[in-house]
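Hi there,

Here is the structure I promised to pass along. Please have a look, and my notes follow below.

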Amino acid sequence: TMPNTPNASSGDWILTSAGELGGNADTVSGPKKDIDIGRHIVSGSNPHPAHPLPVQSVYDQEFHWWCPHAASGSRWTHAADTTQTHILRMDKSGTGAEYVAIVNKQENIMAYDGDPAVVKTGVINARADTPTVAATAAGGTPNTVQISADAIPSGRQLFFSIQGAPLGCTINHASGELQIGRQVGKVRVRAANKNGGTNWDEVEVTITAAGGAPPPVQTPAPATPHGAGAIVPPEP
């Protein structure tokens with residue numbers, strides 16, 4: 001890397017009264033538009049991430065003292081080294097993510113919020129509250145299954161859609177409620193970010209024949225044998 005020259009047009013390294021570097025030259029950042037958690041989490045759209053969480057980038061820094069009164073070519077003197085580590089990882093809840101900057105062994109934790117402008121939203125854990133359900137009987141009230149998924153960040157709205165043959169089913173795109181039709185088979189539902197994007201997850205619902213299990217077979221009770229408690233006809 002090229003050293004930054006004090007008071008150059010690209011920034012400066014002014015020493016403040018608090019003994020800290022002022023200006024904007026000592027700034028290391030990870031632009032939100034470049035951080036896509038969907039590339040690092042397991043989902044239907046990315047079943048085998050090349051780089052699963054946690055992922056990190058490490059920046060080595062060298063600090064040099066610049067003395068304008070020293071001889072030309074000797075004005076920079078090495079002073080110290082440090083390392084910045086930036087980590088993208090799941091948080092303790094396991095359903096959210098966080099971006100961590102570690103400087104001088106101090107963690108600075110920020111919740112991952114993606115970038116709404118470029119739709120950096122992850123979708124995981126698509127699930128059905130009833131994975132197997134009976135088909136709706138003719139003329140009956142439709143059976144329903146609730147489809148859910150986890151969005152990262154959690155505040156993002158999801159869009160639910162049926163993929164492939166619907167088998168007579170319909171879905172509420174906003175709530176994820178799946179109304180079951182009269183056909184049997186498997187229906188696949190996708191959960192994705194409402195505003196689009198490349199990350200999504202899917203769940204499959206199995207539809208069985210309507211009517212449920214047949215009634216149990218009635219077995220006649222055995223005849224009561226002669227003995228205690230039995231009524232014995234009188235002898236002629």
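Helices (H or I, at least four residues) and strands (E, at least two) are DSSP runs, numbered from the N terminus. Please keep in mind that this is a predicted model, where local features need pLDDT of at least 70, side-chain atom pairs count only at pLDDT 80 or more, and totals for chains, interfaces and linings use all residues. Residues are numbered from 1 along each chain as its sequence is written, and side-chain values use heavy atoms, with hydrogens and water left out.

The chain has twelve strands and zero helices. Of its 236 residues, 30% are buried (under 20% relative accessible area, with exposed being over 50% and partly exposed in between; 1.4 Å probe, protein chains only).

Four strands form an open sheet in the order 5-7-10-9, with antiparallel pairing; two strands pair if DSSP finds at least two bridges between them. Strand 5 (122-128) and strand 9 (170-171) are the edge strands, each pairing on one side only. Strand 7 (residues 144-152) and strand 10 (residues 177-179) run antiparallel and are joined by three bridges. Val-145 has Leu-178 in strand 10 as its bridge partner.

Gln-84 counts as buried because its relative accessibility is 9%. Its side chain makes a polar contact of 3.2 Å with the side chain of Gln-61 (a pair of N or O atoms within 3.5 Å; within protein, one must be able to donate a hydrogen and the other to accept it, and residues adjacent in sequence count only if both atoms are side-chain atoms).

Best wishes
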